[in-house]
Amino acid sequence: MSGIIEKLDYLQELGVDVIWLNPIYKSPNADNGYDISDYYDIMDEFGTMEDFDRLLNEAHKRGIKIVMDLVVNHTSDEHKWFLESRKSKDNSYRDFYFWRPGKNGGPPNNWTSFFSGPAWEYNDLTGEYYLHLFAVKQPDLNWDNPKVRQEIYKMMKWWLDKGIDGFRMDVINLISKVEGLPDDSDENHGGLIGFKYYANGPRVHEYLQEMNREVLSKYDIMTVGETPFVSPEIAKLYVEYDRNELNMLFHFEHMDMDCSGSKWNVKPWKLTDLKKIMYKWYLALKDKGWNSLYLNNHDQPRMVSRFGNDKEYRVESAKLLATLLHTWQGTPYIYQGEEIGMTNCKFESIDEFRDIETLNWYKEMKKLGKSDEELLEILNKRSRDHARTPMQWDDSENAGFTKGTPWIKVNPNYKEINVKKALEDKNSVFYYYKKLIELRKKHPVIVYGDVQMLYEDDEKIFAYTRNYEDERLLVIMNFSEEEGEFLAPKEIFTQKPELLISNYEVDDNIQEKIVLKPFEARVYKI
Ligand code: GLO
């Protein structure tokens, strides 16, 4: 916590309005804090509640808001509710979780966990199984029990009364399970079996509306739900203004572009898919809800390695991706290190990984006889650990992250890519982000403008105009390592445009034909 306080001035300099903190609650850390053992306390590694209060206060002093992660689909198995509930079948907390007898000598149903293996764990003491959609140490809470919901609302109010500014809600669309927890007859989902019985489940909207009525509506806050398995049609039910549920959500459609079936089945992605997905989501929520914009976070590989070129065009492509995130309609979310163009890390052996999802999957694949070499190749593309290596502050030991031993390796490129260096270079990715954020605050068209797509079917060029009142914007980006050609529509190149930002040296003029360099991005006010 003190570390974050130290860096608030840096974040203020960048121009961020809100910090979303990944979970900082008391936790045995089986899943990086997403396994909470006490919602009213702080994880030892991060400090104390006094430190948190200081952080909140210092952030607010700088006009920065703090949004907390709300992890309430499950708790840790070390949470006191679970410790009680496992004791006996008639314990008053038994029904806080999903305890069921086995079936035919095995678990109660055939569902599998997001982190490999069955979604059920047997417990000797009472001879029953409990449900865990994630790790064994993350038992699912039973939201059908009104006492569970009241405990959660009470806890949310406690944090909001402290003055926090909102919640990012972890896998919030998985909280309502179909009654009877039926077997899934379709076992063909790239490994994950059962999700149709809990993703966007039968009572999820009833619960979110109740949460909104009893808690959210009483505060001036923001909410964003993490929601796998949502289409724009389903998303509307969560975020349309008149439904009184959430403000925004994180969907995964664009995160699924480069894999088939499961995240471990990597395939090349296509620019036309990205365009289609972004435009479809824009149209679906237009005037009725609001989109969130992201290309990476703590669960995803680094965006410059995945969608750009993290070698000879690292700086250019990081800026290009930033341009897209900041000039599309919606709220951009920047993941730590993205603003200096941090890249995926090269992990040399399985011992260097820390993430439970990665480690469980590796073990399962080894049982199937896969070689280390082929598994490492996939993990070096997909593991969540790429996003979790220490923030690269400077070129001193451990990238200035700690004087101790970091819990996970530092990306060896920290001498080249770090905050100190970025702040000294006026052409750095950092200053480009800073400028984009400034522009967004200055020009309402960037926030509110409608989107008109140009070059819809092109695999290299991503271009669009934005309109709002009498302001108009033209965004042109070349997503390839070769030059790309953009023919400006007549009504555009005959105007007197103003170049707002670009990632190469160019002047204000728009010719009829613009030749864009590799990963070039330009934004004009027209
Ligand atoms: C991803 C979350 C994540 C947690 C998981 C279990 O879906 O952001 O990092 O591992 O949700 O809480």
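The shell around the ligand has four nonpolar, one polar and four charged residues, where Ala, Val, Leu, Ile, Met, Phe, Trp, Tyr, Cys and Pro count as nonpolar, Asp, Glu, Lys and Arg as charged, and the others, Gly among them, as polar. This is a predicted model, in which local features need pLDDT of at least 70 and side-chain atom pairs count only at pLDDT 80 or more, while totals for chains, interfaces and linings use all residues. Residues are numbered from 1 along each chain as its sequence is written.

**Ligand shell**
- The residues around the ligand are Asp31, Tyr34, Val71, Phe134, Asp170, Val171, Glu226, His298 and Asp299 (C-beta atom, placed from the backbone, within 6 Å of the ligand).

**Domains**
- The assignment, automatic or from a database, gives domain 1 (1–69), domain 2 (70–75 + 146–424), domain 3 (80–131) and domain 4 (450–525).
- Between the C-alpha centres of domain 2 and domain 4 there are 30 Å.
- Domain 2 puts 18 residues into the contact and domain 4 puts in 17 residues (contact: C-beta atoms, placed from the backbone, within 7 Å).
- On the domain 2 side, α8 (271–285) and α10 (314–327) are the elements that give two or more residues; helices (H or I, at least four residues) and strands (E, at least two) are DSSP runs, numbered from the N terminus.
- The largest share of that side, seven residues, is from α10.
- By class, that side of domain 2 holds seven nonpolar, seven polar and four charged residues.

- Ala235, Tyr238 and Val239 are buried in α7 (residues 232–239); buried means 20 or more other C-beta atoms within 10 Å of a residue's own, exposed 12 or fewer, and partly exposed in between, with C-beta atoms placed from the backbone.
- The buried residues of α7 fall within an arc of 75° seen down the axis, so they line one face of the helix (arc of the directions from the helix axis to the C-beta atoms).
- These residues pack against β9 (222–226), β10 (248–250) and α8.
- The largest nonpolar core has 116 residues, and Leu249, Leu321 and Val475 are among those with the most contacts inside it (a core joins buried Ala, Val, Leu, Ile, Met, Phe, Trp, Tyr and Cys residues through C-beta atoms within 7 Å).
- α10 gives the most to this core, with seven residues.

**Positive phi**
- Asn104, in the loop between β5 (99–100) and β6 (120–123), has phi near 45°.
- Asn104 counts as exposed because it has 5 C-beta neighbours inside 10 Å.
- Tyr455, in the loop between β13 (450–454) and β14 (461–468), has phi near 55°.
- Tyr455 counts as partly exposed, with 19 C-beta neighbours inside 10 Å.

How values were computed. Contact = placed C-beta atoms within 7 Å.
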